[in-house]
Each structure stands twice: as C-alpha cells, then as structure tokens.
Amino acid sequence: MTNRPEFSFIICTYNRAQYLRDTLDSLLSIEPPPVRVEILVVDNNSTDETQVLADKLPVGKNVSVRYVKEENQGLSHARNRGIHEALAPIVVFVDDDIRAADSFFTAWVSFFKNNPGAEAAGGKIHVQFDDPRPRWMPYFLLPLLGYHDFGNTIKRYGKKNYPFGGNMAFKKEIFDKYGLFNPHLGRIGGNLKASEEKEFFHRLRKDQADIYYVPDAMLFHRVSKNRLTEAYIRKQAVGLGQSIALQLQEKSTRYKMGKALGELGKIAATAGLFVGYSITLRVSKAIILIKFRKWIAEGYLSVIMYKSNDLNV
C-alpha cells in the first residue's frame, strides 16, 4: 500500500475544539515531513464543536487527517483507541492544545531513521501561557503544566526520568509486547488522575528498554487562564495522589517502602524550597509548594480510605 503513512500523530481530545483547531493549524503550517504521515484525532465524547470541526479537517503536504470517536470515557481509553486505529508503524502522541516548532515532524522522522533500534522516545515541551504566569507559581510546578526540557542533545533518559504524555513516540509493535495504557489511570472527564504514561514506561524499564529524549521534536504547550488557579493545581495534585495509590495496590511491600522513602525525600526537598523562597520574600511561592504536597497526600489517602471502607462492608 503505497499511500500508507510512516508516522501516526495521535491527538486525544475532550471538549477543546477551539484549542484543537489551533493545534491542527499549527501542525499543518510547519515544515512538511519528508515522508507520509497521518494526524489521527480521537474524540473522547466531546459535547462541543469537535465533531463539526472534524467534518472540515484540512490536509497538508504529505499529511492526511482522520477522525475517530472513542465512547469509553478516559484518556487511556482514547490513547488505546488511537493505537488500534493508527495506520503507521510509529505513533506519536501530542496534546490537543499545542503549537509545534518548525522542526517537529522532521525531527521525529530523522530520529527513528537514524536510531532504528529505538522503541520509545519523548520530545521537548515548553510552556506558553495564554495569560501572564501568576506570581505565586514557582518554576518547580511548571512540569504540572507540561514543561519538559532535558537540554539540546539527543540522549537516553535516566532511570528516574521518562517522557511526558504530551509529546511521546513509540514503535507501535511494542504495545503487543508490553500491553496498552492502564484505563484505571489517566484523566477521565474532569477527573485529573495521572501517571498512566509513567506506569507504561515502568513496564518498558523492567525489560531494560532504552527510552530516548529528542529535543528538536519540540512543542509549546498552551496554558489557558483556567489552569492558572490554585483550584486547578489542587485538582491535579489530588489526581496525582490518587494515581500513586492505585499504582501501589499490587506492588510488593519492599516496593512500597522504597516509594515511601522517595516521597519523604520529595517532602524534604519541598521544605528546603519553602525556606529558600521565604528567605527571599517570595512567600506565595513557598506556600503553594507546601499546599501541593498536602493535596497529593489528600488524593493518596482518599483512595486508601475508600479501599479500607470497601473491605469493611
């Protein structure tokens, strides 16, 4: 099949038609890829104008655009549907609220051409605020908004690092080997649970798979005004805590102890940052970091208490 794409760029979306339109315009306006690619839009039950937008999907040079609807609610369900529907041997997941650097397509194509043994990789993500960044938001919380930068050279990720879900690539065949994304993790509608990609990368790491960082495959993640509130950060932190608790359910006691020690280290680091910000009179940044750790604990305990109540029924 001569028209079969070599890359599938998968965009999972839920009620973000305006951002999706800008995302598609961005991808179709950058330097065309040297091979055929497809953009696959996976609509996860949107109730806005996403379907209307899908009826007017544009086409670019060497780029086709397709639309499918996934009725099982949840980001992991949408991602898994994208994997199933993708026509190419390499799939790249991107968020629905991004702007692409001009090198984005060519960087991914070049990387997999020059590294045929690579199974998974992640690209650089910078944050682009629609409104000014709040004074209370420290640099250390930017990864919550998608920020991901490990420098300007291609390298293997360290043992404790992994790609972010808004810009990650895989050989499609590895999902036959390692399974799909866990549908019990990840966002479900307005619930901001997370860690589904982290849990998947842990499966790869167990098999000593190399995971690469590709800086020229760069995106700008747009951050809307409604994400620049304490309420939104709290929702993300609670979801993160819930995801941690869900991942630990089937783990050994030894693994749980190691995770607990790691969390204690993060708490100690947060305390150090609190002191540093307080000394330099950036109290609002100090306070939000403490709240962030508290909210993660709330999310974690909500799952533990729910499970405990189930056992007592």
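The legends below describe close-up views of one predicted model.

Residues are numbered from 1 along each chain as its sequence is written, and side-chain values use heavy atoms, with hydrogens and water left out. Because the model is predicted, local features need pLDDT of at least 70 and side-chain atom pairs count only at pLDDT 80 or more, whereas totals for chains, interfaces and linings use all residues.

**Figure 1. Overview of the chain.** The chain has nine helices and nine strands, these being DSSP runs numbered from the N terminus (H or I of at least four residues for helices, E of at least two for strands). Of its 313 residues, 47% count as buried, where buried means under 20% relative accessible area, exposed means over 50% and partly exposed lies in between, with a 1.4 Å probe and protein chains only. The chain exposes about 15,500 Å², of which carbon and sulfur atoms supply 55%; accessible areas come from the Shrake-Rupley method with a 1.4 Å probe, and for residues only the protein chains shown count as cover. Among contacts between residues at least 6 apart in sequence, 81% join residues at least 24 apart, a contact being heavy atoms within 4.5 Å.

**Figure 2. The largest nonpolar core.** This core has 33 residues, and those with the most contacts inside it are Phe7, Phe9, Phe104 and Trp108; a nonpolar core is a set of buried Ala, Val, Leu, Ile, Met, Phe, Trp, Tyr and Cys residues joined through side-chain atoms within 4.5 Å. At least two residues of this core are supplied by each of β1 (7–13), α1, β2 (37–43), β3 (63–69), β4 (90–94), β5 (98–100), α4 (104–114) and β9 (211–223), and the largest share, seven residues, comes from α4. Apart from this core lies another, of 24 residues, among them Val68, Phe201, Leu204 and Ala209. In soluble globular proteins, nonpolar side chains tend to be buried together.

**Figure 3. Helix α4 and Trp108.** Eight of the 11 residues of α4 are buried, so this helix is largely enclosed by the rest of the structure; the buried residues are Phe104, Phe105, Thr106, Ala107, Trp108, Val109, Phe111 and Phe112. Trp108 is found in this helix and is buried, with a relative accessible area of 0%. Not counting residues up to four places away in sequence, Trp108 touches Phe7, Phe9, Val92, Ala121, Gly122, Gly123, Asn167, Ala169, Val214 and Ala217. The C-alpha atoms of Trp108 and Gly122, 14 residues apart along the chain, are separated by 9.6 Å.

Figure 4. The structure holds 25 aromatic pairs, in which rings of Phe, Tyr and Trp (its six-membered ring) have centres within 6.5 Å, and planes under 30 degrees apart count as stacked, over 60 as edge-to-face and the rest as tilted. Tyr139 and Phe140 form an edge-to-face pair, with 5.8 Å centre to centre and 80° between the planes. Tyr139 is partly exposed at 44% relative accessible area, and Phe140 is partly exposed at 44%. Phe7, Phe9, Phe104, Phe105, Trp108, Phe111, Phe112 and Tyr212 form one aromatic cluster. The charged end of Arg79 sits over the ring of Phe93, 5.9 Å from its centre, and Arg79 also lies over the face of Phe181, at 5.6 Å from the ring centre; a charge sits over a ring if NZ of Lys or CZ of Arg is within 6 Å of the ring centre and within 35 degrees of the ring normal.

Figure 5. The 13 residues of α1 (residues 17–29) should span 18 Å at 1.5 Å a residue, and the end C-alpha atoms are 18 Å apart, which agrees; the expected span is 1.5 Å times one less than the number of residues. The buried residues of α1 are Ala17, Tyr19, Leu20, Thr23, Leu24, Ser26 and Leu27. Asn15 is found in the loop between β1 and α1, is partly exposed at 29% relative accessible area, and has a positive phi of about 55° although it is not a glycine. Most residues other than glycine have a negative phi.

**Figure 6. Helix α6 and the residue that follows.** Helix α6 (residues 196–206) is mostly covered, with eight of its 11 residues buried, including Phe200, Phe201 and Leu204. This helix is followed by Gln208, whose phi is positive, near 60°.
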